[in-house]
Amino acid sequence: MIYFVAAVAGIAGILFGFDEGIIAGALSLLRGEFGITPLDEGLMTAAVPFGALFGALIAGRASERFGRRALLLWAAILFILGAVFSALITAIWMLSLARLMLGVAVGVAALVAPLYISESAPPAKRGMLVSIYQLAITLGILSAYLVSFAFDHSWSLMFMMGALPGIALFFGMYVLHDTPRWLALKGRQPEARAAMARLHGVSPDAPAITAELADINRTAQSDRHAASWADLLTPSVRPALIVSVGLFLLQQLSGINAVIYYAPTVFKETGFDSHATQILATIGVGVVNVAMTVVGMMLIDRIGRRRLLLIGFAGTALSLGLIAVGAVTEAKSLDMLALGGLVLYIAAFAASIGPLPWVMMSEIFPLHARGLGMSVASLANWGFNFIVVFSFPVLVSSLGLGGVFAIYTLACLIGILFTLKLVPETNGVSLEEIERHLKSGRPLRLLGQAPHDRGDQAGTTGASPGGLAPRHDTGMLIRALISLGPYQSVLMPLADQVTRIALENHQVRGALQSVSIRTNFENTGRLSATDLGSEAATLKAFLEHVRFASPAFLESVGELPAGGKRG
Ligand code: BGC
């Protein structure tokens, strides 16, 4: 079921890519037929990102009020109308209007579709499922390149083709329901339960459904008031805002849309003379974009967001740097260097910097500010997209291709620093846990790591005490450990506190470290009773200790020390 949900919402991504990419192919035919001025051309191209800015602005609030599903249905209608109007226009100003309408739909869909997927997906698959959306964008771009190639005699047919995915989106969303999280937020409990049961393919009374719903409700209860713009700057939301806006800024400044929109121009500049080879090379870029997005999807929930981002920024910096140096030094085989560099660039982008900002923006905002926060993040995406696309020709004429690519290289290098310093690892962490972490006031970057920094006797630099994996793995390990023992119901809700106490104890920390290394827990995420080996006694005694005796534990969970009430 969840794959069907992701596929339907993913159609919105196809429309996004298609409406962006199709104008490149239609432009030369339109120029011949309508005698377009540069201003018309600018207006027509700008209409989609401009409309999208507007769509993103309204979509956050509207999706909180009317629901994720309703918004996607409206967007589908706009996509269909926009495609039909574009195909029927008799003057260029009409095309600008039609594309403005498409832009609004793109802006709404680009925000609500990833949200819809992320609120429906189980944590372990969320990254992969949300990146289906990015895959869909790349498929949309590729299909626009192919449609322009196939219908190179009729711009009207090119535009009309955009109605087909619009119709599919409408019917797909029509049969689907809203997300359990949104329904719970609106207090529609039976519907939320039914929606969740459908997603998991189990009975609505299943204990897993009750537990997950209770967790969502706890979060929803404390978040019932709608967020205001000012809320975005409060300490529990601001870190999420900085990470999502920053990632989109860097994604766009990496120059992706200069490549997507101007690939034929870049190939021309670097020495590909025939129009046919320029177009073929462009289709090649589209294919690599799709293929590497699939690779990224396979990696995202395995190697984690941070590592993938670092690889992506390093890969794009390297490839853009190569092209820049080649262009500045006027290397002899610049055409081949540019082709190789662009393929490497697209590959690194598509597997990482492409999907990750979308994935992260859909997971790191607290529920009450999620819609609004994602609106602002999407606005950043469209705003910077607009700036890069419009400045590219001007910058190339003043700085040359080498200079412009050098700027993009710099942005990717800054991306590495930004990731290291600010981006949290959200892999496998539930949306509710992320929210609790934000509210705890600890730096977002430390998400999933137990609060251990105080009194770190081990004196390790950067890594967790005792060399435990410097991410959320300790918390995950503790949870796995608790689930093996008899105190699950009491200790699991307090897993964060248990983790903190575990890390403060030298002996327990050592035992956890040994188990973690021996079982390769960081990569497998699996633990069985037999894996505990000689550490079993220490860890068992520790859990009993925190359950029954530790004053520190009782104090930290708000219970009275021995003799008082106990849960
Ligand atoms: C970006 C778009 C870009 C696309 C290319 C997306 O993640 O937000 O601006 O055109 O990737 O695949």
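The largest cavity in this predicted model is the space taken by the ligand. Here a cavity is a set of points on a 1 Å grid over the protein atoms alone where a 1.4 Å probe fits but cannot get out. Residues are numbered from 1 along each chain as its sequence is written, and side-chain values use heavy atoms, without hydrogens or water. Local features need pLDDT of at least 70 and side-chain atom pairs count only at pLDDT 80 or more, while totals for chains, interfaces and linings use all residues.

Let's look at the shell. The ligand is surrounded by 13 residues, each with a heavy atom within 4 Å of it; Gln 134, Gln 251, Gln 252, Asn 257 and Trp 358 are the closest. By class, nine are polar, three nonpolar and one charged.

Now for the polar contacts (pairs of N or O atoms within 3.5 Å). A polar side-chain atom of Asn 257 sits 2.6 Å from a ligand oxygen. For Asn 381, the distance from a side-chain N or O atom to an oxygen of the ligand is 3.1 Å, and for Asn 289 it is 3.2 Å. The protein buries 100% of the 310 Å² that the ligand exposes when taken alone (Shrake-Rupley method, 1.4 Å probe).

Finally, helix α5 gives the largest share of the shell, three residues.

Note on methods:
A polar contact is a pair of N or O atoms within 3.5 Å; within protein, one must be able to donate a hydrogen and the other to accept it, and residues adjacent in sequence count only if both atoms are side-chain atoms. On a 1 Å grid over the protein atoms alone, a cavity is a set of points where a 1.4 Å probe fits but cannot get out, and a pocket is an open set with protein on both sides within 12 Å along at least five of seven lines; lining residues have an atom within 4 Å of a point. A molecule sits in a cavity or pocket if more than half of its atoms lie within 2 Å of its grid points. Helices (H or I, at least four residues) and strands (E, at least two) are DSSP runs, numbered from the N terminus. Ala, Val, Leu, Ile, Met, Phe, Trp, Tyr, Cys and Pro count as nonpolar, Asp, Glu, Lys and Arg as charged, and the others, Gly among them, as polar.
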